[in-house]
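Visitor: Could you walk me through this structure and show me how to read its features?
Guide: Gladly; let us take a look together.

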Amino acid sequence: MNSNWVKVIIAAVFEVGWVIGLKHSDSLLDWALTVVAIVISFYVMIMAGRELPVGTVYAVFVGLGTGGTVLAEIVLFNEPFSVAKLVMVGILLAGVIGLKLVTNDTPSEGREA
């Protein structure tokens with residue numbers, strides 16, 4: 001796997017953290033960690049976007065973040081579980097994986113490898 005896709009996955013993990021932080025932060029430390037997660041998430045995503053197609057990077061970032069956030073809410077915060085919700089997340093992740101598979105992530109001519 002291209003290291004830039006690993007950056008997208010790392011950015012998505014931090015996205016899950018800051019989205020959860022936006023909902024559940026209730027102290028200055030929580031808000032500070034949320035802001036740090038936002039900065040890291042977007043910085044890593046922007047770095048990946050310099051080498052990969054930006055539209056695909058953003059779609060994968062948002063898809064993984066959305067799926068991760070829904071699963072984290074169910075697992076960590078006892079959000080109501082529904083099969084329909086998991087099916088929709090599965091469809092979203094299938095689309096993200098499909099988009100990743102059809103994207104040519106080799107650098108084009110004139111770009112650094």
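**Contacts, core and charges**

Guide: Let us start with A11: beyond its neighbours within four places in sequence, A11 is in contact with S41, V44, M45 and F61, where contact means heavy atoms within 4.5 Å. This is a predicted model, in which local features need pLDDT of at least 70 and side-chain atom pairs count only at pLDDT 80 or more, while totals for chains, interfaces and linings use all residues. Residues are numbered from 1 along each chain as its sequence is written, and side-chain values use heavy atoms, leaving out hydrogens and water.

Visitor: Which residues make up the largest nonpolar core?
Guide: A nonpolar core is a set of buried Ala, Val, Leu, Ile, Met, Phe, Trp, Tyr and Cys residues joined through side-chain atoms within 4.5 Å. Buried means under 20% relative accessible area, exposed over 50%, and partly exposed in between (1.4 Å probe, protein chains only). Here the largest core has eleven residues: W5, V8, A11, V44, M45, A48, L52, V57, V60, F61 and V96. Helices are DSSP runs (H or I, at least four residues), numbered from the N terminus.

Visitor: Where do helix 2 and helix 3 meet?
Guide: S41, M45, A48 and G49 of helix 2 meet V54, V57, Y58 and F61 of helix 3.

Visitor: How many salt bridges are there?
Guide: Side chains of opposite charge can pair when their charged atoms come close. A salt bridge is a side-chain nitrogen of Lys or Arg within 4 Å of a carboxyl oxygen of Asp or Glu, and by this rule the count is two. In one, K23 meets E73 at 3.7 Å, N to O; K23 is in helix 1 and E73 in helix 3, 50 residues apart. In the other, the closest N and O atoms of K23 and E79 are 3.4 Å apart, with E79 in the loop between helix 3 and helix 4. Shared partners join K23, E73 and E79 into one network.

Visitor: Why does E73 count as buried, and why is E79 partly exposed?
Guide: E73 counts as buried because its relative accessibility is 10%. E79 is partly exposed because its relative accessible area is 27%.

Visitor: What does E15 touch?
Guide: Not counting residues up to four places away in sequence, E15 touches S41, F61, V62 and G65. E15 lies in helix 1 and is buried, yet has no salt bridge.

Methods
Helix = DSSP H or I, 4+ residues; strand = E, 2+ residues; numbered from the N terminus. Lys, Arg positive; Asp, Glu negative; His and termini not counted.
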